[in-house]
Amino acid sequence: MGIPSMLINQLKVSFSFKKKKCSQRAALLRVYYYAASQFVCLIVRLFSLSVHSYTPPSFSISVFPSLQSFRVCSLSAEGRNAGEHLRMCPQGPTCCTSAMEEDLAGLSTKETEGLIREAGRSLQAVFNGLHRSFDMYFTELHGRSERSLQEVLSPLGPLYSQNSRLYGDLYTDLRQYYRGSALNLDENLSEFWSRLLERTFKASAPTDVSLSEDYLECVAKQQETLRPFGDVPRDMKAKVIRAFVTARSFVQGLLVSADVVRKVSQVSLSPECERALMKLLYCPHCRGVASAKPCSSYCANVMKGCLANQADLNPEWQNLIDTMIQVASSFSTEPSLDVVLSSIPVRIYEAVHYLQENMDVFTAKVYQTCGMPGEPGTGSPTPHEQKKKSGSLTASEYKPSPTAGLRLEMQVSDLSSKLREMRQYWIQLSLALCGKLAPGGNSQDKCWNGITKARYLPEVMGDGLANQINNPEVELDITKPDMTIRQQIMQLKIMSNRLKNALDGNDVDFQDASDDISGSGSGMCVGGQCPRSRPGLYAYSPDNNRVRGAAAFQTGFCSLLLLLPVTLLLLLQR
């Protein structure tokens with residue numbers, strides 16, 4: 001019995017030892033596998049992120065992996081070399097490799113282009129705000145005038161109630177014209193008065209007389225020669241056309257300006273500019289003088305070279321802004337914009353009242369020109385005396401509320417002041433960027449001058465492409481301007497001419513203001529349809545479906561990797 005007991009005890013010890021050893025192997029395997037799965041999961045995440053999602057430029061170390069080692073080596077002299085491989089930075093001891101120099105050049109360009117777009121979006125937002133403010137004010141004036149129709153014209157009785165559609169159509173045409181529809185405002189107003197004359201003459205005729213369409217057309221043609229409504233149609237037409245032409249051209253000028261800013265702000269910087277920016281911003285780091293800020297004059301030359309084409313916008317840009325300020329100021333000159341719109345129903349009432357009082361004289365002249373109306377045997381109608389309307393309202397007696405004039409003055413003042421602030425935008429942009437990219441570079445003797453930490457000696461270039469022929473920092477071919485910017489200069493010139501025509505009261509057409517401006521949220525009309533829209537900020541929006549798909553793939557794959565160690569452990573313990 002002793003021997004079997006000893007064997008059994010030995011077997012138990014052996015089994016327990018093997019079991020313990022197996023458990024240790026399983027635990028070790030679990031640790032190794034967990035670490036491996038996390039590593040693979042990290043690789044999957046990085047791969048999926050680079051393929052499926054968009055990361056906006058953040059100008060941090062994570063954008064360029066080699067920058068991490070760059071930051072480390074810039075703190076000490078270890079790892080420095082002669083710098084013979086450098087293509088953009090000056091030759092000399094450096095810790096930057098060729099790859100790091102390329103990465104830093106790309107970073108400088110991305111950072112600068114991001115600041116240009118950011119400044120452009122800010123300016124667009126100002127134009128959009130001015131457009132919304134004026135559009136809201138003008139639309140409110142137009143709506144208030146239309147709502148007062150019934151109150152002002154109701155004393156006309158059937159001449160208003162039976163022709164309310166005609167008056168409403170007039171306001172609809174005015175609204176569509178302001179929105180940019182291809183309407184001839186002069187012809188539309190003439191058509192309105194002709195139709196109103198036909199209906200007023202027909203309502204004044206005896207009921208036993210039949211007036212044919214041809215006869216009424218002949219009556220309508222006497223409008224210009226006989227002036228049945230007095231001076232009201234001619235005076236009202238001149239004022240309404242001036243008000244609506246200037247208002248429409250002004251809002252279109254705001255939209256075109258914002259669109260020009262958007263397109264120019266998206267123009268990519270040239271390779272020559274990329275090299276100059278690298279030398280300005282990151283070569284001090286490669287030379288181990290990261291604390292040295294670029295000299296202000298040095299930065300100015302780099303930016304004036306990089307933005308030479310943009311600066312060429314300045315003459316036409318200032319011309320457009322000045323013209324828009326003139327147009328805005330014209331809104332408050334007599335008769336002011338609010339008075340013209342608010343008095344439309346009153347002027348219509350005056351015109352109809354004048355015709356009613358002089359109907360006998362007008363009818364007699366019509367008979368001389370168009371002949372006697374009616375069918376054979378019906379006889380000629382006897383002119384009947386119109387009832388005088390008591391308490392009639394005249395335009396000279398009508399005055400808008402004082403608050404309406406105050407609001408207009410505030411609108412004009414706000415528009416003019418904000419437009420003046422934008423006049424120098426394209427030539428101030430280079431200095432504004434230097435304030436962002438190279439702050440604190442005013443110490444003339446201890447700043448980075450492109451070679452070392454010392455004073456910058458070259459003179460600062462002027463603005464525009466032609467002035468960059470001797471720019472020591474950016475090599476430019478002044479005979480090859482950027483065509484996108486040249487097209488926008490032409491758009492500014494076209495818009496300025498249209499605004500000047502509008503100031504003279506001449507109708508303008510905006511259908512061809514730009515080759516693709518109607519598709520950029522500018523508010524231009526297409527096919528007579530004028531949706532109420534405004535330029536957006538044109539922010540990038542990533543494809544959410546692709547991002548969600550990438551996230552789901554990452555989660556599922558990593559979960560599967562984490563489940564495998566548990567499954568292996570269970571198998572080993574069996």
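Buried means under 20% relative accessible area, exposed means over 50%, and partly exposed lies in between, with a 1.4 Å probe and protein chains only. Cys 96 and Cys 286 are both buried in this sense. The structure is a predicted model in which local features need pLDDT of at least 70 and side-chain atom pairs count only at pLDDT 80 or more, while totals for chains, interfaces and linings use all residues. Residues are numbered from 1 along each chain as its sequence is written, and side-chain values use heavy atoms, with hydrogens and water left out.

**Figure 1. The whole chain, with 22 helices and zero strands.** Helices (H or I, at least four residues) and strands (E, at least two) are DSSP runs, numbered from the N terminus. Of the 574 residues in the protein chain, 44% are buried. Taking contacts (heavy atoms within 4.5 Å) between residues at least 6 apart in sequence, 81% join residues at least 24 apart.

**Figure 2. The disulfide between Cys 89 and Cys 283.** A disulfide is a pair of cysteine sulfur atoms within 2.5 Å, and by this rule the count comes to six. In the pair shown, the sulfur atoms of Cys 89 and Cys 283 are 2.0 Å apart. The torsion about their S-S bond is about -90 degrees, so the disulfide is left-handed. Cys 89 sits in the loop between helix H2 (66-73) and helix H3 (98-147) and Cys 283 in helix H12 (residues 283-286), so the bond ties together parts that are 194 residues apart in sequence. Cys 89 is buried at a relative accessible area of 5%, and Cys 283 is buried at 0%.

**Figure 3. The disulfide between Cys 96 and Cys 286.** The S to S distance is 2.0 Å. With a torsion of about -85 degrees about the S-S bond of Cys 96 and Cys 286, the disulfide is left-handed. Cys 96 belongs to the loop between H2 and H3 and Cys 286 to helix H12, so that distant parts of the chain, 190 residues apart, are linked.

**Figure 4. The disulfide between Cys 218 and Cys 370.** The two sulfur atoms are 2.0 Å apart. A torsion of about -90 degrees about the S-S bond of Cys 218 and Cys 370 makes the disulfide left-handed. Cys 218 is in helix H8 (residues 213-220) and Cys 370 in helix H18 (residues 359-370), so the pair ties together parts that are 152 residues apart in sequence. Cys 218 and Cys 370 are both buried.

**Figure 5. Helix H20 (residues 425-437) and its cover.** H20 has 13 residues and reaches 18 Å from its first C-alpha to its last, close to the 18 Å expected at 1.5 Å a residue. The expected span is 1.5 Å times one less than the number of residues. Its buried residues include Tyr 425, Trp 426, Ile 427 and Leu 429. Among the elements that cover the buried residues of H20 are H3, helix H10 (232-265) and helix H15 (314-330).

**Figure 6. Helix H17 (residues 344-357).** H17 has 14 residues and spans 20 Å from first C-alpha to last, close to the 20 Å expected. The helix is mostly covered, with twelve of its 14 residues buried. Arg 347, Glu 350, His 353 and Gln 356 are among the buried residues of H17.

**Figure 7. The largest nonpolar core, with 125 residues.** A nonpolar core is a set of buried Ala, Val, Leu, Ile, Met, Phe, Trp, Tyr and Cys residues joined through side-chain atoms within 4.5 Å. Residues with the most contacts inside the core shown are Phe 127, Phe 134, Phe 244, Phe 250, Ile 348 and Leu 419. H10 gives the most to this core, with 16 residues. Beyond its neighbours within four places in sequence, Phe 134 is in contact with residues including Tyr 178, Phe 250, Phe 331 and Gln 411.

**Figure 8. Ser 342 in helix H16 (residues 337-342).** Ser 342 is buried, with a relative accessible area of 10%. A polar atom of the Ser 342 side chain lies 2.7 Å from the backbone oxygen of Asp 338.

Terms used
Polar contact = N/O pair within 3.5 Å; in protein donor to acceptor, adjacent residues only side chain to side chain.
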